[in-house]
Amino acid sequence: MPRYALITGASRGIGLALAEALARRGRSLILVARQRDALDSVACELTQRFGVEVLFRVCDLSNPLQLTGLLLELEQGERQIDLLVNNAGIGLSGSFLAHEWADEQQLLELNVLAMTRLCHSLGNSMVALGGGKILNVASLAGFQAGPWMSSYFASKAYVLHLSEGLREEFRDYGVTVSTLCPGPTRSALYRQAGIAEQRMRDSKRMLSAEEVALYAVRALDKNRAIIIPGWRTRLLSLLPRVLPRALLRRRVGRMNKAVIQR
Ligand SMILES: NC(=O)c1ccc[n+]([C@@H]2O[C@H](COP(=O)([O-])OP(=O)(O)OC[C@H]3O[C@@H](n4cnc5c(N)ncnc54)[C@H](OP(=O)(O)O)[C@@H]3O)[C@@H](O)[C@H]2O)c1
């Protein structure tokens, strides 16, 4: 029976690039996102190019009922998933107090709760299978506080810390947990989050989603705990260890404020 990699947010950006990198290696895939048409065309293309089985499920992961439905289907179904890539995530920029609560809640449901439930449900299934791998997508943003994108940065700190904790907890069950922490990567996330990409410092030196995915898949093979593509991003991830917290959060806050679309 083939085993599958389940990738959330696989219709574009980093998730799509990860799907392609895994399909290239002959992996059978289950892709999850909200837009059926986008998933359908990605699935057809990957099947044609790489000859692998690519299934997809339409699910708004920020909707707890839809997520429950997906988990029930996966738990009761016969498909064995031995790689979970928790990639789907959204950003939100601007003043925390000025945001509609519904937007804050959607970010937390998707970036925090859905990825945690998927780790819980599929983590248990992997233990029953005798092993597996989980790759959670956090961010460089997970290493420090980020005023004017406070919930996004905090959600990524949660992903990073949860993943590191689970890595130790799951070790004895043969389930490995790795965390991908990309720096700024060219994708639709900036427009979605209300950020003017062209105003970002170093925007021309951003990595592509394909570069991030290739680096991630190779590091996953080596069972790296924390995967940070790009030497600039690796350097930046060290700043919280050397700079005073107050200095760093004010600096990051100024940078975030400067790129918010008005
Ligand atoms: N781009 C960066 O600079 C960067 C840097 C660090 C970390 N990251 C992280 O990388 C991950 C992917 O980001 P990206 O840049 O590739 O973003 P992206 O291009 O906007 O792609 C996001 C993906 O998530 C899906 N998605 C969004 N909301 C969803 C929902 N409620 N339920 C199910 N799927 C949903 C989207 O498809 P649908 O719209 O069809 O649902 C899409 O496939 C995120 O976790 C992000 O935080 C990105």
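Biologist: What should I know about the model before reading it?

Modeller: It is predicted, so local features need pLDDT of at least 70 and side-chain atom pairs count only at pLDDT 80 or more, while totals for chains, interfaces and linings use all residues. Residues are numbered from 1 along each chain as its sequence is written, and side-chain values use heavy atoms, with hydrogens and water left out.

Biologist: Which residues of H3 are buried?

Modeller: An α-helix has 3.6 residues a turn, so residues three or four places apart point the same way. Buried means under 20% relative accessible area, exposed over 50%, and partly exposed in between (1.4 Å probe, protein chains only). In H3, the buried residues are Leu67, Leu70, Leu71 and Leu74. Because they cover an arc of only 95° around the axis, they lie on the same side of H3, the arc being that of the directions from the helix axis to the C-beta atoms. The face turned away from this buried side carries the exposed residues Leu65 and Gln76.

Biologist: How many disulfides does a search of the whole structure find?

Modeller: A disulfide is a pair of cysteine sulfur atoms within 2.5 Å, and the search of the whole structure finds 0. For cysteine 59, the nearest cysteine sulfur, that of cysteine 119, is 15 Å away; for cysteine 119, the nearest is that of cysteine 181, 14 Å away.

Methods: Helices (H or I, at least four residues) and strands (E, at least two) are DSSP runs, numbered from the N terminus.
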